[in-house]
Amino acid sequence: MANCENCSAPLPPNSIICGYCGSRNDTDLKGIHRFTVTEPDTERICPRCTISLQTIDLKIDGTFLIERCERCLGLFFDVGELEALIKASVTHVYQADRHRITELNNNLRNNDYPTAYIKCPVCSTMMSRVNFGARSGVIIDRCPDHGVWLDGGELRHLLEWVKAGGEILSKKREEEKKKDEERLKAQKIRRVPYSQTPPPADFDLFGHDIKSQAPDIFKVLYKVARWLVR
Ligand SMILES: [Zn+2]
Ligand SMILES: [Zn+2]
Ligand SMILES: [Zn+2]
């Protein structure tokens, strides 16, 4: 867990703003990668601060460019780049640390921003909100054409979640769900013969129409009445 650079208080997993002293911490890239700012500005605009984003080079397998907002420390990844970064940063995770994942989930606090749709830094259309890996609890903003936006602190949370085996657990649960569904389907197929057994016949062994022989309640009552007055 990261600590505030200013007062050393522990930071919540999905926030970069210290709850004690209020200072903003650059936790996402610190300690993960050395990076350089290659260009001061791009055409891309921060959806939070509406200022130009910086292009930075993470230098993973050569040049690895992403955009970052200098003010709010949000990050923008082109399509596929976030997955590539995760792959490069987190290796050798073979099993899920349920304890750590629970800890990460329990430590979630509300994001630093109100829940609202924000604009794609490239095309300015509203992005959709997606829970990364279906269960990470990190809600990323996604433009299907251009990429994903992560608010400051979200990358760190995501990487910790992946390191703890969150993706593995997620996949496992997905597979279990699929198996359950298949099992249910198989049971339904097995049950078909029962539901297809024909309804009781309308005719008895001698070919008499059973339905027409059904006792007519009025006839019965009439017979009983006649028997009584006899
Ligand atoms: Zn602090
Ligand atoms: Zn910003
Ligand atoms: Zn876009």
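The structure is a predicted model, in which local features need pLDDT of at least 70 and side-chain atom pairs count only at pLDDT 80 or more, while totals for chains, interfaces and linings use all residues. Residues are numbered from 1 along each chain as its sequence is written, and chains are lettered from A and ligands numbered from 1 in the order in which they are written.

## Overall composition

The protein chain contains 6 helices and 7 strands. Here helices (H or I, at least four residues) and strands (E, at least two) are DSSP runs, numbered from the N terminus. Along the sequence, these elements follow the pattern β-β-β-β-α-α-β-β-β-α-α-α-α.

Of the 230 residues in the chain, 24% are buried. A residue is buried if 20 or more other C-beta atoms lie within 10 Å of its own, exposed if 12 or fewer, and partly exposed in between, with C-beta atoms placed from the backbone. Two residues are in contact if their C-beta atoms, placed from the backbone, lie within 7 Å. Among the contacts with a separation of 6 or more, 49% join residues 24 or more positions apart.

## Strand pairing

Two strands pair if DSSP finds at least two bridges between them. The table lists pairings in this chain.

| Strands | Direction | Bridges |
|---|---|---|
| S2 (residues 54–57) and S3 (residues 65–68) | antiparallel | 4 bridges |
| S3 and S4 (residues 75–78) | antiparallel | 2 bridges |
| S4 and S7 | antiparallel | 4 bridges |
| S5 (residues 128–131) and S6 (residues 139–143) | antiparallel | 4 bridges |
| S6 and S7 (residues 147–150) | antiparallel | 3 bridges |

Individual bridge partners can be followed from strand to strand. Gln54 is the bridge partner of Arg68 in S3. Arg68 is also paired with Leu75 in S4. Leu75, in turn, stands opposite Leu150 in S7. Elsewhere, Arg142 has Val148 in S7 as its bridge partner, and Arg129 stands opposite Asp141 in S6. As a general rule, the side chains in a regular strand alternate between the two faces of the sheet.

## Residues in the loops

His146 lies in the loop between S6 and S7. This residue counts as partly exposed because 18 C-beta neighbours lie inside 10 Å. Leaving aside residues up to four places away in sequence, His146 touches Asp78, Val79, Cys120, Val122 and Cys123. His146 and Gly80 are 66 residues apart in sequence, and their C-alpha atoms are 9.6 Å apart in space.

Thr50 occupies the loop between strand S1 (36–39) and S2. Its phi is near 45°, a positive value in a residue other than glycine. Thr50 is classed as exposed because 11 other C-beta atoms lie within 10 Å.

The loop between helix H1 (81–89) and helix H2 (98–106) holds His92. Phi of His92 is near 55°, again a positive value in a residue other than glycine. His92 counts as exposed, since it has 5 C-beta neighbours inside 10 Å.

Tyr94 also lies in the loop between H1 and H2. With 6 other C-beta atoms within 10 Å, Tyr94 is therefore exposed. Tyr94 and Ile168 are 74 residues apart in sequence, whereas the distance between their C-alpha atoms is 7.7 Å.

## Helix H6

Helix H6 (residues 217–229) has 13 residues and should span 18 Å at 1.5 Å a residue; its end C-alpha atoms are 18 Å apart, so the two values agree. The expected span of a helix is 1.5 Å times one less than its number of residues. H6 is hardly covered, for the count of buried residues among its 13 residues is 0.
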